[in-house]
Amino acid sequence: SPNATLAAIEKAVGASDGAGEGWELVECVPFSSTRKWAAATFEGRGTFYIGAPEVLLMGDGAPEVLLDGREASERARQAAESGARVLVVTQSSEPAGSPAGTGLAAEMSPLAMSPVCLVYLSDTVRSDAREIFKYFGDQGVDLKVISGDHPATVAAVAQRAGIVTDGSWIDARELPDDPEELAVTMATGSVFGRVTPHQKRAMVHALQANGKTVAMTGDGVNDVLALKDADMGIAMGAGSSSARAVAQLVLLDNRFATLPRVLSEGRRVINNIERVANLFITKAAYAVLLTALIGIVGSPFPFLPRHLTLVGTFSTGVPGFFLALAANDSLVSRGFLRRVLRFSLPAGVIAGAVTFVAYEVIRRLDGVSLDEARTCATMTLLGIGLVILVLISRPMRAWKVGLAVAMGASYALTMAWSVPRSFFALEVPPAGVWVWIFSAIAVGGVLAWQATERLFAKHP
């Protein structure tokens, strides 16, 4: 089961007929991101290692075979800085079971190895990568590149993709273990190489400690820990099964171009939930206040159930349906509950209080019946509700204005048409009362606008 690296090597080098004859495998160790190498021992041919040059070529006294150790290290460094992913193949004549443990996983001795060859691999940058990363940068997303490859290679690829422009990088082997110091480093750095799986998870925690919401993308076993602890784990569909299992989102088409749409959909859902929550909590606030005031004063309740059906339908129900489905990619910020309460409670209290005062004043006017006063209260509450709907809908669009106008026109049609007017127990109020109705709507609308203006000035 070759991984992507070995599959790429096999495809480039190929294998002639009979190439494997006389090579009897004794023992093998798969690649580990902690060791940074894989190895295999063959009968009578010694042990071959393949992995990171800075790990396998760290000795000064390695005997010459095809390349001197220092020369190989220098060639590997130059290739890595040009953007190539570099591996080295080394050979050791020592048997697999000695000297510091059992099997190849024991501590290896670099002095017993000879460099055989360097392997250059190239990462293909998708044609739309630069455009996608620019989009995320414009949306205020901080991009961090963390990889187990050589830092210079990672930086070169990141520069080609448009993530960084200066080619700077940080070697994860030099990162501090202290979480606070790591958080400072993560705030300033963008490209990290030679990162271990546990360091990836620590990086996620460091970013979260800085108050960031972290999304992690990955496709390998080495990414599982970080994917699991990130606020949003995103795995590639062609990645390992373990990565897909712990991720909250799997890109089945393996295309990063899907992520801008994911971000847009997430923002639409969160922002529209906030809008709809403002509508319904405002409704709950004025309903509770009106009930309390009527209970204290002892007046007849200003609404019949069918009146509240009209108000709820035209100011909350139907508008809430359209606002919940509307496109909305505004930046999501913390403090969802605080913002909803800061808007809904003042708006609901103003709507309820103004409606109650208007109802009590109109009910006591000469020539006004209780049914007419209830109709006036319904019109007042609905009018203020439509003003609140416009405030919630900001920034305004033509269809949002049309929605508010349509809701007001629907109620006007209900009042003008005798059939629905009779069904909802509405009575056309006397001509002199209309001034009170429009004045109450104007006062309530202005107060609601002033009470919520500071909030929307900070969050347009």
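Which residue in S2 is the bridge partner of Cys 28? Select Ala 40: it is the partner of Cys 28.

Before moving on, note that this is a predicted model, where local features need pLDDT of at least 70, side-chain atom pairs count only at pLDDT 80 or more, and totals for chains, interfaces and linings use all residues. Residues are numbered from 1 along each chain as its sequence is written, and side-chain values use heavy atoms, with hydrogens and water left out.

**The first pair.** Select S1, residues 25–32. S1 runs antiparallel to S2, joined by 5 bridges. Strands (E, at least two residues) and helices (H or I, at least four) are DSSP runs, numbered from the N terminus. Two strands pair if DSSP finds at least two bridges between them. Now go to the hairpin, which has 4 residues between the strands. Lys 36 there takes a positive phi near 70°.

**The other side.** Select S3, residues 46–51. S3 pairs with S2 in the antiparallel sense, over 6 bridges. Phe 48 in S3 is the bridge partner of Ala 40. The hairpin of S2 and S3 has 3 residues between the strands. In its turn, Gly 44 has a positive phi of about 75°.

Select S2, residues 37–42. 6 of its 6 residues are buried, so S2 is largely enclosed by the rest of the structure. Buried means under 20% relative accessible area (1.4 Å probe, protein chains only). Trp 37, Ala 39 and Thr 41 cover one side; Ala 38, Ala 40 and Phe 42 lie on the other.

**Last stop.** Select H13, residues 370–393. 20 of its 24 residues are buried.

Note on methods. Buried means under 20% relative accessible area, exposed over 50%, partly exposed in between (1.4 Å probe, protein chains only). The expected span of a helix is 1.5 Å times one less than its number of residues.
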